[in-house]
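Hi there,

Here is the structure I said I would pass on to you. Have a look at it, and then read on for what turned up.

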Amino acid sequence: MPILRKKLSLEEKDNRIGRRFLYPAIFVLLCIIAFPVLYSFILSFFRWRPTEPGHRFVAMKNYYDVYHDERFLISIFNTFIYAFIGAFGKIILGMGLALLLNKKFPGRAIARTLLMLPWIIPVTASLTAWNWMLDGMYGVINIILSRMGLITTYINFLGEKGIALACVLMVGIWMGYPQMMMMILAGLQSIPGELYEAAEVEGAGKIRSFFYITIPSLSGVLKTSIILSIIWTFNAFNVIWLLTRGGSSTHIMNTLAYEFSFINMRYDKGAAMSVTILLFLAVFLFIHTKMQREDSLQ
């Protein structure tokens, strides 16, 4: 007796074809993302150094060594400071510049291009310039401050605790604000102008219009921008490593994991640190996903 097959609709056929096109991408993602994550998780339970043959199971010892390292708590504190203050700094600066660029004035296109430069310039070139400007002996910032009479002795910006963290935070905000600026600018341009005209007729000033029209209209963009900025900044590595290499108590979790793995050649401790970073990021991704679902239901 012949088997009767259900006749597929055109939409189901399209979905089936679409899934087949996704298989190569899923395979690539499994190879370059899922496999390294799984391998790092397994490696974190073994003792593995390139100078020693074989791997020995040590259970949670690598995690114990990492969590009892004197720099671990400092790296967590710095990571959250760098992520949250950096994220809100980018949002505030991006918001101010987006409001400026949303107005019509001569040379707006040129201003928009110039304000995007920190994001366009290659990271290595940008950080090399900042390293030179913040240098404790020959830095141009020290020279300017000295000639203005604001300082009598040169400041080692990248070599003193507290000051070094503030400097890398400033550079991180400077490099990341253009992306936030463009996201907020896109949100501002989607707000109907009739809302502001109606508010003006009702006698509302610019400040009230900002808090009662602009901010509520940008709530979705701002929430997404803040969460994404925190995640991106949490994953930051190049700014701190190229400026201080974690010195002067500026280590964040990523730079400490790199130092464990490639400077100290302790791949097992580096894997344990990487798994710890993944757990923190999973929390932020969960919050981001939950916020997106709530926005879609509204």
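**The pockets**

Two helices, α9 (193–201) and α10 (206–217), each give at least two residues to the lining of the largest pocket. Before going further, please keep in mind that this is a predicted model.

That largest pocket holds about 470 Å³ of space. It is lined by 15 residues, and those closest to its centre are Lys 103, Tyr 196, Lys 206, Ser 209 and Thr 214. By type, the lining of the largest pocket splits into 7 nonpolar, 5 polar and 3 charged residues.

The second largest pocket comes in at about 340 Å³. Here 18 residues make up the lining, with Lys 90, Trp 119, Gly 172, Met 175 and Gly 176 closest to the centre. Two or more lining residues come from each of α3, α5 (117–120), α8, α11 (219–234) and α12 (238–243). Which of these elements gives the largest share of the lining of the second largest pocket? That would be α8, with 5 residues. The lining of the second largest pocket divides into 11 nonpolar, 6 polar and 1 charged.

α8 covers residues 163–189, which makes 27 residues. From first C-alpha to last, α8 reaches 38 Å, close to the 39 Å expected at 1.5 Å a residue. Even so, α8 has a bend of about 40 degrees, located at Gly 176. A proline, Pro 178, follows within four residues of that bend. You have met Gly 176 already, among the residues closest to the centre of the second largest pocket.

The other helix to look at is α11, which also contributes to the second largest pocket. Which residues of α11 are buried? They are Leu 222, Ser 225, Ile 227, Ser 229, Ile 230, Ile 231, Thr 233 and Phe 234.

**Salt bridges**

How many salt bridges does a search of the whole structure find? The search gives 4, and here are some of them.

Start with Lys 61 and Asp 65, which form a salt bridge with their closest N and O atoms 2.9 Å apart. Both sit in helix α2 (residues 61–67), and because they are 4 residues apart there, about one helical turn separates them. Lys 61 has a relative accessible area of 43%, so it counts as partly exposed.

Next comes Arg 71, which takes part in a network of salt bridges with Asp 69 and Glu 259. For Arg 71 and Asp 69, the closest N and O atoms are 3.2 Å apart. For Arg 71 and Glu 259, the closest N and O atoms are 2.3 Å apart. This second pair links distant parts of the chain: Arg 71 is in helix α3 (residues 70–101) and Glu 259 in helix α13 (residues 253–263), 188 residues apart.

**A loop with two serines**

Now go to the loop between α12 and α13, where you will find Ser 248 and Ser 249. Most residues other than glycine have a negative phi. Ser 248, however, has a positive phi, near 60 degrees. Ser 249 has a positive phi as well, near 55 degrees. Ser 249 is partly exposed, since its relative accessible area is 27%.

**One last residue**

Finally, take a look at Leu 278, which lies in helix α14 (residues 267–297). Is Leu 278 partly exposed or buried? With 42% relative accessibility, Leu 278 counts as partly exposed. In sequence, Leu 278 and Asn 235 are 43 residues apart, and in space their C-alpha atoms are 9.8 Å apart.

Over to you, and happy browsing!

Notes:
Residues numbered from 1 in each chain as written. Predicted model: local features only at pLDDT ≥ 70, side-chain atom pairs only at ≥ 80, totals over all residues. Heavy atoms only, no water. Expected span 1.5 Å × (residues − 1). Bend = angle between axes of the 7 residues up to and from the residue. Buried < 20%, exposed > 50% of the residue type's maximum accessible area, 1.4 Å probe, protein only. Salt bridge = Lys/Arg side-chain N within 4 Å of Asp/Glu carboxyl O. 1 Å grid on protein atoms, 1.4 Å probe; cavity = no way out; pocket = protein on both sides within 12 Å on 5 of 7 lines; lining within 4 Å. Points joined across faces, edges and corners; volume = space filled by probe spheres on them. Nonpolar A, V, L, I, M, F, W, Y, C, P; charged D, E, K, R; others polar.
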